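Here is a quick briefing to read alongside the structure. Take a look at the picture first, then work through the points.

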Amino acid sequence: MTAARLRRLLTGAYLVLFFCYLFLPLGIMAAATFNSSRFPTVTPWMGFTLGWFQALWEDQRMWAALGTSLIVGAGVIALAVPLGLAAALLLDRLHSRAKTFLYALMVSPLLTPGVIVGISTLVFWREWFGVSGGLFLTVVAQSSFIAAYAMLLFSARLERFDPVLEEAALDLGASHGQVFRRITLPYLMPAILSAALLAFLQSFENYNTTLFVRGLDTTLTVYIATKVRTGLTPAVNALSLVLIALTILGAVVYEALRRREARRQAGSAVA
Amino acid sequence: MTEVLRRYGPVLTGMILLAVALWLALLVVLPQLMMIGFSFRPSLPPSKIGGPEDVFTVKNYLTLWTNRIHLAIFLKTIWASALVTATTLAVCYPVAFYLAQVAPKRRLPLLILMLVVPFWINELLRTFSWYIILAFNGPLNAILLGLGIIDEPQRFLGGDGGVIVGMVYVYILFMVFPLYNAIESLDRNQIEAARDLGAGWPRIHRRIVLPHAKPGIAVGCIMTFMLAAGSYAVPALLGGPNSRWFTEIIYNWFFEGGNWNQGAAYAFILLVLCIGFILGAMRLFRVGLADIAK
């Protein structure tokens, strides 16, 4: 009995340690935002300040980088989500070896290091089309693997789709276009929204791929990395804190929606 | 194929095929082939491209062998990434097991959410948080000094140690989720039965949980190794001139050395390393590609 209690105690302690390990560094980074020291740190504590938020607000280059990130993110949504959707629709209707082969090809960008995705895109577009690094190549390079994430999301939802619905509509004289617009697309709508959100987030935080194809354009993530290496002030922490707060909000909303959807499906399965 | 046509009609089928072909050809396959082809060409000024000197060569690959510094960095990238992978596996296994098999059901959603949230946070920001901790005037030095473990502040940044510690932190969540998913599908009754039959915990893990978790272990190791070996952000932020990573060498060939052919060869070597690791892990754990990309 005591052995079991000891084991439970140790497991609990390990778990607490693990979650501290996950969150403490982020907490320290956040705390350093409010330290009036010129270098971001919590030791020594030089007094509380909100001045670094103001410094961030007045940083014109930060706003420009944010604009670039938003444009790239929108471009990636517009390119990667339709590509992923088309790929999932095709895979859903294929069988056996053609499906396995295509699937392997489609997920291969996810198993390729990001720097290589960037490099191959950079070389290819310069050699074939004379296009050099910039916004366009950033969107293209990011989409090449983000489309695979979108494809996986769509495939997961299509797996639970009842094809009888489409067949019934076709039998009743609907055209293929009507079936797609009225049945398939509405069914996929939640997946389209989550794919767009995921695509945007992946694009926004991407560094390894973007670095090679960005040309002279600077996304927000690239800007943060540059600031850390040259001219680091706690304004970078202020920016990190804002981004983390937004991310946590997004993650909680996304999870809540996902769980509600899962409960609704479980409910309809019972009924 | 006929089923695709029957289901979506000619117009939609055409659009679907066109989109998939564009994605796979222009964004995935051709760029890779182009990069590989490029790596077997000498670096020439534009006027000489296509001329008599523009021949097939393996010179770019021999550079890695002749340049001992680059070779040492390449080998270090391999062992350091393997170390990062092994460490994350060891740290995550107990957590994944607890969450999947032991944790009370009503507390699980919150615990999972606590894992999901850091997973969503920008990799670069998670790296940056360790930059602050490891800094010369940072909290780690302050604590160690305060405890009397060290007499003067240490330089944790700019060395391999800092890079490895940072990588474990940044990529740990790519290990914990595959492990959790694999262990979660294990029927608790199997563990109960083993205990009733008198097996101790080490034996239950060795004979039941670990074999069942194999696909998850494979996926976690593949993702972590690939991300670590291909990481640019972590060594760029936490490392220094003495702890360069192979990706940084590649970057320098492109944007400082101006020798794209050489950079492409190094990039292909990195790709081969990662593919080799993936195939090795798939063989070792006997899993297929469909198990990996979920």
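Over residues 12-34 of chain A, what percentage of the chain is helix, and how far apart are the end C-alpha atoms? The answer is 91% helix with 0% strand, and the end C-alpha atoms sit 32 Å apart. Keep in mind that this is a predicted model: local features need pLDDT of at least 70, side-chain atom pairs count only at pLDDT 80 or more, and totals for chains, interfaces and linings use all residues. Residues are numbered from 1 along each chain as its sequence is written, while chains are lettered from A and ligands numbered from 1 in the order in which they are written.

**Transmembrane annotations**
- An unreviewed UniProt entry puts "transmembrane region" at residues 12-34, 62-90, 102-125, 131-154, 185-204 and 238-257 of chain A. Such annotations use the numbering used here, with shortened feature names, and may be inferred rather than shown by experiment.
- Residues 238-257 of chain A are 100% helix and 0% strand, with end C-alpha atoms 29 Å apart.
- For chain B, the UniProt record (also unreviewed) lists the feature at several stretches, including residues 78-100 and 128-150.
- Residues 78-100 of chain B are 100% helix and 0% strand, and their end C-alpha atoms lie 31 Å apart.
- Residues 128-150 of chain B are 65% helix and 0% strand, and there the ends are 24 Å apart, counted between C-alpha atoms.

**Where the chains meet**
- On chain B, 67 residues are in contact with 68 residues of chain A (contact means C-beta atoms, placed from the backbone, within 7 Å).
- Helix α1 (residues 2-39) of chain B gives the largest share of chain B's side, 20 residues. Helices here are DSSP runs (H or I, at least four residues), as are strands (E, at least two), numbered from the N terminus.
- That side of chain B has 54 nonpolar, 10 polar and three charged residues. Ala, Val, Leu, Ile, Met, Phe, Trp, Tyr, Cys and Pro count as nonpolar, Asp, Glu, Lys and Arg as charged, and the others, Gly among them, as polar.

**A helix pair in chain B**
- The axes of helix α10 (residues 201-229) of chain B and helix α13 (residues 260-285) of chain B come within 9 Å and cross at roughly 170°. Axes are lines fitted to C-alpha atoms, for helices over the stretch in contact, with angles from 0 to 180 degrees between N-to-C directions.
- So α10(B) is roughly antiparallel to α13(B) (over 145 degrees).
- Their contact involves 16 nonpolar, no polar and one charged residues.

Conventions
Contact = placed C-beta atoms within 7 Å. Parallel < 35°, antiparallel > 145°, perpendicular 65-115°, else oblique.
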